[in-house]
4 protein chains.
Amino acid sequence: MSGNTLGKLFTVTNFGESHGPAIGCVVDGCPPGMPLSVEDIQAELDRRRPGTSRHVTQRQEPDQVEILSGVFEGATTGTPIGLLIRNTDARSKDYANLVDTFRPGHADYSYFHKYGVRDPRGGGRSSARLTAPTVAAGAIAKKWLAATHGVRIRGYMSQLGPISIPFESWDAVPDNPFFAPNAGIVPQLEAYMDELRRDGDSVGARVEVVAQNAPAGWGEPLYDRLDADIAHAMMGLNAVKAVSIGAGFDCVTQRGSEHGDEITPQGFLSNHAGGVLGGISTGQDITVSLAIKPTSSIRIERRSVDRAGNPTSVQTLGRHDPCVGIRATPIAEALLALVLMDHALRHRGQCG
Amino acid sequence: MSGNTLGKLFTVTNFGESHGPAIGCVVDGCPPGMPLSVEDIQAELDRRRPGTSRHVTQRQEPDQVEILSGVFEGATTGTPIGLLIRNTDARSKDYANLVDTFRPGHADYSYFHKYGVRDPRGGGRSSARLTAPTVAAGAIAKKWLAATHGVRIRGYMSQLGPISIPFESWDAVPDNPFFAPNAGIVPQLEAYMDELRRDGDSVGARVEVVAQNAPAGWGEPLYDRLDADIAHAMMGLNAVKAVSIGAGFDCVTQRGSEHGDEITPQGFLSNHAGGVLGGISTGQDITVSLAIKPTSSIRIERRSVDRAGNPTSVQTLGRHDPCVGIRATPIAEALLALVLMDHALRHRGQCG
Amino acid sequence: MSGNTLGKLFTVTNFGESHGPAIGCVVDGCPPGMPLSVEDIQAELDRRRPGTSRHVTQRQEPDQVEILSGVFEGATTGTPIGLLIRNTDARSKDYANLVDTFRPGHADYSYFHKYGVRDPRGGGRSSARLTAPTVAAGAIAKKWLAATHGVRIRGYMSQLGPISIPFESWDAVPDNPFFAPNAGIVPQLEAYMDELRRDGDSVGARVEVVAQNAPAGWGEPLYDRLDADIAHAMMGLNAVKAVSIGAGFDCVTQRGSEHGDEITPQGFLSNHAGGVLGGISTGQDITVSLAIKPTSSIRIERRSVDRAGNPTSVQTLGRHDPCVGIRATPIAEALLALVLMDHALRHRGQCG
Amino acid sequence: MSGNTLGKLFTVTNFGESHGPAIGCVVDGCPPGMPLSVEDIQAELDRRRPGTSRHVTQRQEPDQVEILSGVFEGATTGTPIGLLIRNTDARSKDYANLVDTFRPGHADYSYFHKYGVRDPRGGGRSSARLTAPTVAAGAIAKKWLAATHGVRIRGYMSQLGPISIPFESWDAVPDNPFFAPNAGIVPQLEAYMDELRRDGDSVGARVEVVAQNAPAGWGEPLYDRLDADIAHAMMGLNAVKAVSIGAGFDCVTQRGSEHGDEITPQGFLSNHAGGVLGGISTGQDITVSLAIKPTSSIRIERRSVDRAGNPTSVQTLGRHDPCVGIRATPIAEALLALVLMDHALRHRGQCG
């Protein structure tokens, strides 16, 4: 079924495959009159782009976005915004050996069982490449949220495999390829990644995203809660295996007298709620945490079966991210922006 | 906006407040011809019911369900199934002191800021009582999944505050009020809860849910992934602050050569994926983990503000669960059943 | 599939069967703070109620509505409004002879082929009785539209079988059982109906609905146009076979120089558009026309087949409306109100 | 709000403006394994294409479609199908005089009041040009319906302004630019159109569409009825002011003993129902009729106002269809195909 649309009132419909002619999306429901240029979107795409450091896939994709509709004389018109990104560096032959086998931990297996067919080139639709249209759409949401409500959405990597990354400063984040909020730890991260590549292996990571200045009142009480929609968007990102809001799993050992954030005329005294109570924003920072699994495409040989069910072994040789978590920060920011903008418009429709 | 509907092809639309005349839901999209009786639904409702042990709220609600439509001569007809549960033990006067203040950690605050008004009696719509219709709908999904695919959905509590509960056996689960899979640990859990009640405090918990025998192929690649919809449903449950699938946050420190589940002709050799790859089920057990925060309604006095923003203090005296996690297991099972049935029908529509 | 929900931002989810225990709906997305009482809804239900004249079905149903949720201290809270109407006068034995045959022109046939089973009592879910919840929901929309925008929605019968009913005055409409805007023609309509009943036959009708004071700007350009959603709602009403807006089928013979409504500083000079251009309201009256087919349940014997495909003949003896068009006016008003309120909220979300 | 998506399980999301860089759509939910080529789609686009006779707009657009995704080695994969059509012959200067005025009968007026801004070039998003992506998507649905169920969807013009066109033969339809099922009447139609162009005026038309071989059982009982969704799709087409199914408005004067289609072991004896009873298909031909208004863009001078509300007059000089109904037949076929395929998949999901 059609499952490629995110959002209800502000929607993104995504299309494309890793090695097809193009990828893109249709962003529907953006209010009219917002200034929007290719540069606004390109800036976010460039943060996610492959091939920018030795620690990510070496595929060279400029990820140049074209705005096909919905913008007239430099501003949105209220009609759908079509966004197109051509694929330029697709090396399909790298995948010839994968046509008949399944990589352990890869969507190869489930796609084949769902559809009976699959596009094996670069993971087809399951490729992390398909997060580019999400980032492009998220750039629009980020801009609208900032312009209308002063909302600021930022993220960072808090752990790379075994290395925990203490938060020092937002200023450090843009200056290293890991989105680490800590300049001093970068050499250690680089050394770890270099060793990992030599091993032909991959590793997991943890990423944090924060939205500041979202007003109280966004979200719905039941089912379509703000935190539920955030969890949906984040768990819908490739490789994510866990999502938490505020205290997350730490709340299991907390008592109510510790977890419940006390309120004073000056504001809340803590933020274990992560900015959401009863599915509705409180005006505090919305804090989200993601666990991103290690890439399944690794050089190390692994046991698997072929399409006929016979035992075989698999080694993946194409160009891959040894840690997809490295490029996940801008994507997680985009997803949070998309969910918040959708709920901002929904709230305005019903209670505005 | 209308956010009270869960699912796309198989949907549940929930209504009601804790202290209104009734709660219920409309279940739409159930295939025709499935035998369905009040008893099928009541059995699940009774597992969630309040007042059944001293460790949960003492509110006495029989939670007697009435089937209003969609069933003819003992079987579903394919038309919407209306389910109604009358509220019988509502003591609204307990809440008089809460009309003008906000409990720390409670949806009081966010509801007021969203709607400008709120129903303060028993938490109104934010009450855990509203999980009863979800459980009733889930009973239908459980029955259908079992009958058509042999799917079995079960859950248990794996941690109560500081006490980790080692899994021993499914058999122990129905025999204690905690849904603990370990008979030996129950006295310790009871002692802990008794002390907690004396303190007037509350505590968090962790719950696991597992679906066995779901076939490979359920779910959609992007945005509406099976794991994304599971995360949405679970994080949409009151008090949940974190959701994980398979290895969850443990995947952060795993290498790809460890995390990726190898495949042999006899099956997978591990299940770090938790039964979902690329957003689509693999045929392995689907394993989900939830963190449930401590109840915000506690006897301990806490700092807050009133509606005018003036400082005040709040003590909650009504009848409350000191650990909402205790009754969460059947609800989490219901939610997993609802998501799986929705995706089963969607898959059949497109690929069946 | 779940097809029993109308609307996107303001939704109605309908359940029930003609001879089940109850019918009702969940109205989701109504803004908070609107005064709402049972009387507001009952007044509209009473206009549609059966058994009020000799020209409609003699089934006696008080159609007493109960508000189950979403209203606190006399005003909406923003949460779902559950509405319940008990069935009280169900005479199922009347339908024994229909269990195995199909009435020509009746949904018996298509339901059986869709679901393999059907509830034959009183048409089950296909009964016109299921329009009662729609009318109840519409009463809420009417009240909100009037209170917030001064929108007034009214309808009337413009033709009963061969008898065209010239519009004379809105004042006449409430004073006759036909909703005819012309007191003088009522005796002729009554005589026609008396003869029709004697013949054991039924007849079609045409109904007009008008919304005044809807502001310009409601609706979406493509697919979810305001006129498209009106057509969807109206054609979704039992027995409707045609829907038109403004000039309707007369536009086929019009030239552009006649059809296009000229604009002056004082307003439009005509209203061939029926208040909608490009799918968006213009601020003019929104004018809709419906064709309602004759009831299929008639006493006259007709050729049909039984479930095994063998030839048989069918006569319908239960209590039926000889012209469902007679009670259609309040239902069509309700549907127009529901569509307008949904688009009012959608517009406010995106452009408000 | 996002209103640019048609369908629930099989969806089309449309984007683009008449004079922007490109138009297109994302088709989501097409089952995997169906052979699909550019030629399949181009054949339908060519039937709708402008500039192919002197009776339609002289804008030259090759309407060359590019498949961006969802097809691998000549067959659908089950993932979204992105379709792109570049605009090549946009002459924006023709519209300079329309920036500040509103054409009577044109969406200019309502767009401006909705969005506060509009793209005046060629009608922007309200242009009939935006039906091209609908036709492209419809080609996919037509192919799938034919391959899986033998469904055949065809249409024709039954009236051009004052000239009624008696149906003679399907064979005549492809051989004239009017889609008239009657070769003999074509000279009369051509003479009428030549005179109309000389007058600088436009005219309405009526189009019929028929689906053969759709099985019984597609559609939902309430709200999302098959006929309701057909009405929604058709009324969502530019310039349509009325939609009817089967007997349409003629049912008003019919008696039940005439309208209800009798059934024999050999089949139905008539088709006043138009293939739909109770919102569900019966297996008979599904017959739909549309009224298409005259184009609002005419050379004849008409009274209007400017954006400031001052009186002015408008003459439209660009290239326009003097009768948009002439090119409506393939579009109406596409819309019927899209609705039927959506309901086919929904039915398979719930009852398959």
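## Around Phe10(B)

Leaving out neighbours within four places in sequence, Phe10(B) is in contact with Gly29(B), Cys30(B), Met341(B), Asp342(B), Leu345(B) and Ser2(C) (contact meaning C-beta atoms, placed from the backbone, within 7 Å). This is a predicted model, where local features need pLDDT of at least 70 and side-chain atom pairs count only at pLDDT 80 or more, while totals for chains, interfaces and linings use all residues. Residues are numbered from 1 along each chain as its sequence is written, and chains are lettered from A and ligands numbered from 1 in the order in which they are written.

Phe10(B) sits in the loop between β1 (5-6) and β2 (11-16) of chain B; strands here are DSSP E runs of at least two residues and helices H or I runs of at least four, numbered from the N terminus. Phe10(B) counts as buried because it has 28 C-beta neighbours inside 10 Å (20 or more is buried, 12 or fewer exposed, in between partly exposed). Its C-alpha lies 7.8 Å from that of Leu338(B), 328 residues apart along the chain.

## α3 against α7 in chain B

Leu338(B) also turns up in the packing of α7(B) on α3(B). Helix α3 (residues 131-149) and helix α7 (residues 328-351) of chain B pack at about 50 degrees, axes 7 Å apart. Axes are fitted to C-alpha atoms over the stretch in contact, with angles from 0 to 180 degrees between N-to-C directions. The pair is therefore oblique (under 35 degrees is roughly parallel, over 145 roughly antiparallel, 65 to 115 roughly perpendicular, the rest oblique).

Among the residues making the contact are Ala137(B), Gly138(B) and Ala141(B) of α3(B), and Ala334(B), Leu338(B) and Met341(B) of α7(B). By class, the contact of α3(B) with α7(B) has 14 nonpolar, three polar and two charged residues (Ala, Val, Leu, Ile, Met, Phe, Trp, Tyr, Cys and Pro are nonpolar, Asp, Glu, Lys and Arg charged, the others, Gly included, polar).

## Helix α1 in chains B and A

In α1 (residues 38-48) of chain B, Ile41(B), Glu44(B), Leu45(B) and Arg48(B) are buried. They fall within an arc of 100 degrees seen down the axis, so they line one face of the helix; the arc is taken from the directions from axis to C-beta atoms. Their cover includes β4 (65-67), α3 and α7 of chain B.

Over in chain A, the axes of α1 (residues 38-48) and α7 (residues 328-351) come within 7 Å and cross at roughly 140 degrees. That makes α1(A) oblique to α7(A). Glu44(A), Arg47(A) and Arg48(A) of α1(A) meet Pro330(A), Ile331(A) and Ala334(A) of α7(A).

Methods
Two residues are in contact if their C-beta atoms, placed from the backbone, lie within 7 Å.
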